[in-house]
Amino acid sequence: MDWTPTISELSGPRYQRIVEAMEADIAAGRLVRGQQLPTQRALAKALGIDLTTVTRAYTEARRRGIMEARVGQGSFVSETSARRAVDMPHPVAIDLSMNVPPHPLEAQLDERIIAGMESIRAQSGLTAHLNYQPPGGSAHEREIAARWMRARVPHAHADRLVIFPGAQTILFNLLAHLARPGEIVLTETLTFPGIKAAAARLGVKLIGVAMDDGGILPDALAKACRAHSPKAVYLTPTLHNPTTATLSAERRHAIAKIISDAGTTLIEDDAYGLLDRSASPIANLIPERTYLATTLSKCIAPALRVAYLLAPDNDAQQTMRSHLQATVQMPAPLMVALVTHWIETGIADRIITAIRNEAVGRQQLAQRALKGFQFLAKPAAHHLWLPLPEGRSDVAGHLLRHGLAVVAGEAFTVDGTPPHAARVSLGAARNRSELTEALRILVGVLHEPADTRQIV
């Protein structure tokens, strides 16, 4: 706790100088994540200033997300660059429903956004990116992205790549291209709610295929292909949402053969693939039959709205660029320019590594908190899949009454009876302290006798 900032060389109100010194010392490594800070009284005494100034500085530091207060313990350098609290519907106090990446301090997102924009301004000017651009990205932007993707997908080339404003736009446009209203697309029996929403809007019929803890079952997929002659198969083979299942290499080969033999098309959602690079995309086995969607929403930040679609061939790429132009015209050019700069300079990989490491740390925290409970998880996943106690109805609703939001199994169910389970999104917590409190609430509710949770 022996941190005393140097504020005499800074300008502005004293409380702001304290905060700016804290930010500078974090960036320089003189303060590290989780380090305890002096008490407000101790810092006021060390600086020879009044207590209210330090109180105001600590309040501002918490608002900026660089410091967190732990009840009964004191003030600490934040474990993450915490997102600002947003207006949440009553009675949500902690929201673990959105599957978003955490933002550890090591990711340095604020600093890298500023530095990236300055680099773009110096090179071409920011206003150059405020006009209409070619749908699907420029040749240079697509070449940089394809070169980056080739580390995992050797056949990635610019003439097969389209840059989209987010993976949801990719999925909607792919369904519109591959299937007509009433036609069938197969997916896992539990699947991403976004594909369900897109299919419902387009009138495409989704049929769920049985899966186990290892993901979709090849025999069940083969049977469903014979029975339904699907227009496409949509899968999330790596860190599946919501179960975290990751297909083995053996299953990937079996599924690739089934899709090829059936003469259908694979939509491979690689939203989490960059968090587990040991898993080779199925697209590597059947590139001529696969549309591979890779997004930065789960490995950097969702609001960048940058995602990449690798099409089976150049003709398919041109078709998808036309679909993009007809629906949303183009991704945001300034965001694409920033991401392209990060990829070209190696910054994107450094950010992803920091976020992956934070995901691992949060999974370890959850493992300790949920000891004794059965659940599905993977080390680098942003979420876990928690079967809920039998005979205890509406556990998710009861958690919500305690201020904790998770997503019940019904949201992911394609057909049949929803599983009595919930997805708990660890990355959604603003910092590890908030996650610890959320897990405490979760464990407390799970331990409650069933009859205490009934509303009369």
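In what order do the 7 strands of the open sheet stand? The order is S4-S12-S11-S10-S9-S5-S6, with mixed pairing.

This is a predicted model, in which local features need pLDDT of at least 70, side-chain atom pairs count only at pLDDT 80 or more, and totals for chains, interfaces and linings use all residues. Residues are numbered from 1 along each chain as its sequence is written, and side-chain values use heavy atoms, without hydrogens and water.

**The sheet.** Strands (E, at least two residues) and helices (H or I, at least four) are DSSP runs, numbered from the N terminus. Two strands pair if DSSP finds at least two bridges between them. S4 and S6 stand at the edges, each with a single partner strand, so one side of each has no neighbour in the sheet. S5 and S9 pair in the parallel sense over 3 bridges. Leu-186 has Val-233 in S9 as its bridge partner.

| Strand | Residues |
|---|---|
| S4 | 161-164 |
| S6 | 205-209 |
| S5 | 184-188 |
| S9 | 232-235 |

**Helix H10.** H10 covers residues 314-327 and includes Gln-325. Gln-325 is partly exposed, at 42% relative accessible area (buried is under 20%, exposed over 50%, partly exposed in between; 1.4 Å probe, protein chains only). The C-alpha atoms of Gln-325 and Gly-136 are separated by 8.0 Å, although the two lie 189 residues apart along the chain.

**H4 and H11.** The axes of H4 (residues 109-123) and H11 (residues 333-345) come within 10 Å and cross at roughly 105°. Axes are lines fitted to C-alpha atoms, for helices over the stretch in contact, and angles run from 0 to 180 degrees between N-to-C directions. Contact means heavy atoms within 4.5 Å.
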